[in-house]
Amino acid sequence: MKYLDEFRDPDLARRLFDQIRRITTRHWAIMEVCGGQTHSIIRNGIDQLLPPEIELIHGPGCPVCVTPLEIIDKALAIAAQPGVIFCSFGDMLRVPGSRKDLFRIKSEGGDVRIVYSPLDAVKLAQQHPDRQVVFFAIGFETTAPANAMAVYQAARLGLKNFSMLVSHVLVPPAISAIMESPTNRVQGFLAAGHVCSVMGTDEYRPLVEKYRVPIVVTGFEPLDVLEGIRRVILQLEQGRAELDNAYERAVRPEGNVAAKQMLADVFTVTDRAWRGIGVIPRSGWRLSERYAEFDAERRFDVSDIQTAESTLCRSGEVLQGLLKPNQCPAFGKECTPRTPLGATMVSSEGACAAYYQYGRFVPANTIGVASSP
């Protein structure tokens, strides 16, 4: 996108807010799936400017946040082994495991390195043939093509010292899990534009038809989010449930065909545990048998892992949309970005991090309310 200002225009934002107010006649609960959308909403105060009838529920769309504790602890165990160069994007280094994080492993002598692409880890494996190089591959469908390409390149190069610790998760099964939960209150979804730029929009149509729920694909700038909300509310008010693409400048119905072919070759669908949520059937990817030799879980003996979540952290409820971050008793007290209890306070897309960064320390409906004598 060449220009950003046109998607942050305050006059256009006012017009969208006015349209949303005019069409809203009752209470509606909408979930934005992506953590990037959550940060845009909180940073720009969109949730505070919408009609009070509209409730925005923050979904489990932060890839760092939903990476299961067991995988984090496996990463720590592998990174601590001698002869290993453990590579990760920077946002994973401070995610707490049961007792440590990757920064602690690094301070204790582990060779933990921040890379900017999984292909950087492949280059390191070429440069250090006497070391085992492991890349920590997490994320939704957005980051998966680059990770698949890294494995594909390692296979072509015949690298025996490169492997990948994989914890990829998929959006559509998570939407199904949310809709089938007995505590579900979501009536419409804002789908993540970057995920759909890879996978396309067709896989969301069965969800719309099965659950009779509007799904609008949208981007991450303020006007993107507002237009997505407007389209969801319009459907709900008219009693419709349709799949709508409000991010056509980046998303095509078929997605990125070449990327999807690479994903189908390197990965296979599997059940996946989501941190704070539990196991969702067929909600993730693992390396296919063709590339199983590059699976770090098979290469290293990390099967006997004992995990222990913080008893104070309620990030699981935040990820399920059952709790706003500032409703957690530990928020801003025991749990801060410097002393995080859960991944939602660490990740650049975490809801707790957004609320802390932008000063949402108390629920909005309590501001100006006098306390009882």
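Is Cys65 buried or exposed? Cys65 is buried, because its relative accessible area is 2%. Buried means under 20% relative accessible area, exposed over 50%, and partly exposed in between (1.4 Å probe, protein chains only).

This is a predicted model, where local features need pLDDT of at least 70, side-chain atom pairs count only at pLDDT 80 or more, and totals for chains, interfaces and linings use all residues. Residues are numbered from 1 along each chain as its sequence is written, and side-chain values use heavy atoms, leaving out hydrogens and water.

**Exercise 1.** Find the disulfide and give its handedness.

Start with the cut-off: a disulfide is a pair of cysteine sulfur atoms within 2.5 Å. The whole structure holds 1 disulfide. Cys62 and Cys65 form a disulfide, with sulfur atoms 2.4 Å apart. Next, take the torsion about the S-S bond of Cys62 and Cys65: it is about 70°, so the disulfide is right-handed. Cys62 is buried too, at 3% relative accessible area.

**Exercise 2.** Describe how H1 and H12 pack.

Locate the helices: H1 spans residues 10–23 and H12 spans residues 222–238. Helices are DSSP runs (H or I, at least four residues), numbered from the N terminus. The angle between H1 and H12 is about 15°, and their axes are 10 Å apart. H1 and H12 are therefore roughly parallel (angles under 35 degrees).

Conventions:
Axes are lines fitted to C-alpha atoms, for helices over the stretch in contact, and angles run from 0 to 180 degrees between N-to-C directions. Helices (H or I, at least four residues) and strands (E, at least two) are DSSP runs, numbered from the N terminus. Angles under 35 degrees count as roughly parallel, over 145 as roughly antiparallel, 65 to 115 as roughly perpendicular and the rest as oblique.
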